[in-house]
Amino acid sequence: MFNKLSTVLLALILLCSCSSHTELAQLDIGISAYENSDLMVKIVFDDKFSPPAGAIGGGWGNAVGSGTFWGAEIPYKVKAQWWDYKQGKHYCAALTVQRDKAYKIAGNLPSITHYTGETETDVEPYIIFGFGEKGEVKMWISNAPFDGVEGRILEEIGSAQATWEPFELTDEMFN
């Protein structure tokens, strides 16, 4: 009886220790675009979760528009749509996320030093999306929302080339 019980307990311990824990305590999501852009962005994680994005106008690789989520996971896939008002184009793209790479980086984020000299050692991961002028979309993981921070990393974990169709600006869009 004792041998069966100890075998079951050992198997349970091994099963629990081998399961992957993918939930992050905090995940910041930021949106960026090419310089002098005028975009309206919508992103959807794993066909079920849509973090707020909204209107974006520049700051490639920087979290110009951002939101914070607690108990979130890095998605498997992302669908992105954006309307480029300067170009009159509606873009659509689907990205496959390099989750293993993202979690490895998120688990080993280096500290950053701000321009004030203050060092931050307990940094949270940022997922930053970049929407390019020619329909390219990039997804990065970072330890800081903006350039100019010593020790900042910006590692690509997904990318895609969007398809597009033209759209016409109408007065109703602005009322």
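In what order do the five strands of the open sheet come? I read the order as S4-S1-S9-S10-S11, with mixed pairing. Strands pair here if DSSP finds at least two bridges between them. The edge strands are S4 (65-72) and S11 (154-161), each pairing on one side only. On average, neighbouring strands of this sheet are turned by 20° against each other, direction ignored.

**Ground rules.** I noted that this is a predicted model, where local features need pLDDT of at least 70 and side-chain atom pairs count only at pLDDT 80 or more, while totals for chains, interfaces and linings use all residues. Residues are numbered from 1 along each chain as its sequence is written, and side-chain values use heavy atoms, with hydrogens and water left out.

**Overview.** I found two helices and 12 strands in the protein. Helices (H or I, at least four residues) and strands (E, at least two) are DSSP runs, numbered from the N terminus. Along the sequence the pattern goes α-β-β-β-β-β-β-α-β-β-β-β-β-β.

I followed S9 (residues 126-131) to S10 (residues 136-142): six bridges join them, and they run antiparallel. Ile 127 stands opposite Ile 141 in S10. Helix H2 (residues 99-106) packs on the sheet and touches S1 (24-33), S10 and S11. The direction of H2 makes about 160° with that of S11; axes are lines fitted to C-alpha atoms, for helices over the stretch in contact, and angles run from 0 to 180 degrees between N-to-C directions.

Which residues are on the covered face of strand S5 (residues 77-84)? I listed Val 78, Ala 80, Trp 82 and Asp 84 there, with Lys 77, Lys 79, Gln 81 and Trp 83 on the uncovered face. Seven bridges join S5 to S2 (residues 39-45), running antiparallel, and Val 41 has Trp 82 as its bridge partner in S5. Eight bridges join S5 to S6 (residues 89-96), also antiparallel, and Asp 84 stands opposite Lys 89 in S6. S5 and S6 make a hairpin with four residues between them, and Gly 88 in the turn has a positive phi of about 70°.

**The core.** Which residues touch the most other members of the largest nonpolar core? Of its 39 residues, they are Ile 43, Trp 82, Ile 127, Phe 129 and Phe 131. Such a core is a set of buried Ala, Val, Leu, Ile, Met, Phe, Trp, Tyr and Cys residues joined through side-chain atoms within 4.5 Å. S1 gives the largest share of this core, five residues. Leaving aside neighbours within four places in sequence, I found Ile 127 in contact with residues including Leu 27, Ile 74, Met 139 and Ile 157.

Is Ser 142 buried or exposed? Ser 142 sits in S10, and it counts as buried because its relative accessibility is 0%. The side chain of Ser 142 reaches the backbone oxygen of Ala 144 at 2.9 Å. A polar contact of 3.4 Å joins the side chains of Ser 142 and Arg 152; the term means a pair of N or O atoms within 3.5 Å, where within protein one must be able to donate a hydrogen and the other to accept it, and residues adjacent in sequence count only if both atoms are side-chain atoms. Arg 152 lies in the loop between S10 and S11 and counts as buried because its relative accessibility is 16%. A polar atom of the Arg 152 side chain lies 3.0 Å from the backbone oxygen of Ala 144.

**Ile 56.** My last stop was Ile 56 in strand S3 (residues 54-56), which counts as buried at 4% relative accessibility. Ile 56 and Trp 82 are 26 residues apart along the chain, and their C-alpha atoms are separated by 9.9 Å. Not counting residues up to four places away in sequence, Ile 56 touches Val 41 and Gly 65, among others.

Technical notes: Buried means under 20% relative accessible area, exposed over 50%, partly exposed in between (1.4 Å probe, protein chains only). Contact means heavy atoms within 4.5 Å.
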